[in-house]
Amino acid sequence: MFRILRRACFAALTLLFVFLVSASADASFSAYVKADKAVVYSSEFLSGVLGTLPNKTIVTVLEYDEGVAKISYKGKTGYVRVRDFATVSSIGTMVEAVRDCKVYAKPSYSSSYTSIKKGTTMYLLQYENSICAMVEKNGNIGYIHANDIKKVIESAEKEESPSSASGIVYVNFQARVKSASVKVYASSSTSSKSLGSIKKGTVVNVSAYGKGWAYIELNGRKGYAKISGFERIYTQDSYLTDTTLTNEKIIYQFIIKEMKLNKAAACGIIANIKYESGFRTDALGDNGRSYGICQWFDTRWNRLTTFCATNGYNPDTLEGQLWFMKYELEKHYPMVMNYLKNNVFESAQGAYDAAWYFCYHYEGPANRSSVSKTRANYAQNTVWERYGN
């Protein structure tokens with residue numbers, strides 16, 4: 001992965017790296033593009049497209065709120081969707097310099113360098129060879145002798161980590177400190193090394209939780225804290241990437257919240273998606289010519305890909321496919337959308353009608369008349385029982 005990362009964004013970096021000081025160091029942190037690409041906007045309201053950043057590009061996040069982040073890249077700033085990024089700390093290992101040493105612009109002693117002090121922390125991304133390591137700090141990349149660095153808090157890592165603990169739920173969401181302060185520890189025990197405390201109102205990233213503890217990250221530093229001291233931050237569309245929810249439940253919420261349809265219409269659509277793909281985003285059909293939760297066929301599959309590329313979504317994700325379904329219904333199947341909004345009553349019969357109409361006029365399978373009835377019965381007798389009340 002790091003070879004791809006280096007090709008995508010490291011080649012354009014200048015020779016000297018600001019490893020010693022970072023502007024707004026208390027608030028900023030490094031992140032990389034986890035989506036296929038990230039659209040950069042000139043406004044915090046995500047308007048005015050400045051361009052795109054390819055997968056694995058490293059940027060500096062200056063601030064973020066309500067799903068939007070302000071970033072800095074090559075001296076320029078812009079706004080992006082938080083969901084398109086992940087922290088560098090999630091793919092790197094925190095290390096520190098064991099002595100005063102040099103960081104080079106390239107994996108060569110003849111390249112330009114900057115000197116750093118003992119104790120300087122950075123992220124180890126990969127080893128180029130047995131003596132050279134690629135490191136990152138404040139959005140910049142450099143190369144250092146492997147013997148000049150060591151892992152930070154190695155003992156804490158040996159005590160316990162989310163990957164070794166039992167009963168852990170792996171998630172990815174933001175939470176805010178609701179107590180006056182919360183203590184952070186090296187492991188999920190109050191007897192472990194104290195890493196300090198964070199004040200009320202501080203926002204952290206939660207990557208796992210279990211047994212009353214949360215594994216958190218703040219400005220590149222990780223630790224454990226009592227989960228009772230936090231409250232989860234819900235943005236308008238945070239449920240779309242909530243790994244604790246099934247695809248079916250996410251789809252239901254999307255239809256209600258984003259498409260503004262009633263429960264009966266949602267049940268009708270869900271019944272169809274159940275039969276089309278079993279809620280699998282990677283489902284293939286028609287000898288490889290249909291794809292996704294709605295089994296978009298041929299040119300409609302191409303339409304999905306184009307829509308996602310234009311709007312900064314990944315066509316292989318549930319999020320991208322749901323936004324495309326909404327778009328396609330509004331722009332290419334307005335008759336179906338109008339029927340779902342204005343002609344479906346909030347009842348079991350409404351769920352039947354919605355499923356039949358959606359199948360017959362939007363999905364259009366072979367033997368559509370009999371298939372539409374089968375899905376309509378499933379919506380009325382099964383899905384409505386689950387969501388109607």
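Two bridges join strand β22 to strand β23 (residues 290-291), and the two run antiparallel. That pairing is a handy way into this predicted model, whose chain holds nine helices and 24 strands. Of its 389 residues, 48% count as buried.

**A three-stranded sheet**

- The bridges between β22 and β23 belong to an open sheet of three strands, ordered β22-β23-β24, with antiparallel pairing.
- β22 (284-285) and β24 (296-297) are the edge strands; each has a single partner, so one side of each is left without a neighbour in the sheet.
- For a residue-level view, look at L284, whose bridge partner in β23 is Y291.
- As a reminder, strands of a sheet pair through backbone hydrogen bonds, either parallel or antiparallel.

- The average pLDDT of the chain is 82, and 84% of the residues score at least 70.
- One stretch to treat with care is residues 1-27, where pLDDT stays under 50 and the model has 61 contacts beyond four places in sequence.
- Residues 153-166 also stay under 50 in pLDDT, and here the model has 18 contacts beyond four places in sequence.
- Where pLDDT is low, the predicted coordinates should not be read in detail.

- V40 sits in strand β2 (residues 37-41).
- With a relative accessibility of 10%, V40 counts as buried, because the cut-off is under 20%.
- Setting aside residues up to four places away in sequence, V40 touches G48, V49, L50, G51, L53, G78, Y79 and V80.
- V40 and T52 are twelve residues apart in sequence, and their C-alpha atoms are 5.5 Å apart in space.
- D84 is found in the loop between β6 (76-81) and β7 (85-87).
- D84 is buried yet has no salt bridge; its nearest side chain of opposite charge belongs to R83, 4.3 Å away.
- Beyond residues up to four places away in sequence, D84 touches Y32, V33, K34, A35, K37, A38, V39 and G312.

**Aromatic pairs across the chain**

- The structure holds 18 aromatic pairs.
- In one of them, the rings of Y252 and Y387 have centres 4.2 Å apart and planes at 15°, so the pair is stacked.
- This pair links distant parts of the chain, with Y252 in helix α3 (residues 247-257) and Y387 in helix α9 (residues 368-387), 135 residues apart.
- Y252 and Y387 are both buried.
- F254 and W323 form an edge-to-face pair, 4.9 Å centre to centre with 85° between the planes.
- F254 lies in helix α3 and W323 in helix α6 (residues 318-331), so their pair ties together parts that are 69 residues apart in sequence.
- F254 is buried, at a relative accessible area of 0%, and W323 is buried too, at 18%.
- F254 and W323 also belong to a cluster linked by ring pairs, together with W296, F307, Y313, F324 and Y327.

**Contacts over the whole chain**

- Among contacts in the chain with a separation of 6 or more, 58% are between residues 24 or more positions apart.

Key:
Residues numbered from 1 in each chain as written. Predicted model: local features only at pLDDT ≥ 70, side-chain atom pairs only at ≥ 80, totals over all residues. Heavy atoms only, no water. Pairing = 2+ DSSP bridges. Helix = DSSP H or I, 4+ residues; strand = E, 2+ residues; numbered from the N terminus. pLDDT = per-residue confidence, 0-100. Contact = heavy atoms within 4.5 Å. Buried < 20%, exposed > 50% of the residue type's maximum accessible area, 1.4 Å probe, protein only. Lys, Arg positive; Asp, Glu negative; His and termini not counted. Salt bridge = Lys/Arg side-chain N within 4 Å of Asp/Glu carboxyl O. Phe/Tyr/Trp six-rings, centres within 6.5 Å; stacked < 30°, edge-to-face > 60°.
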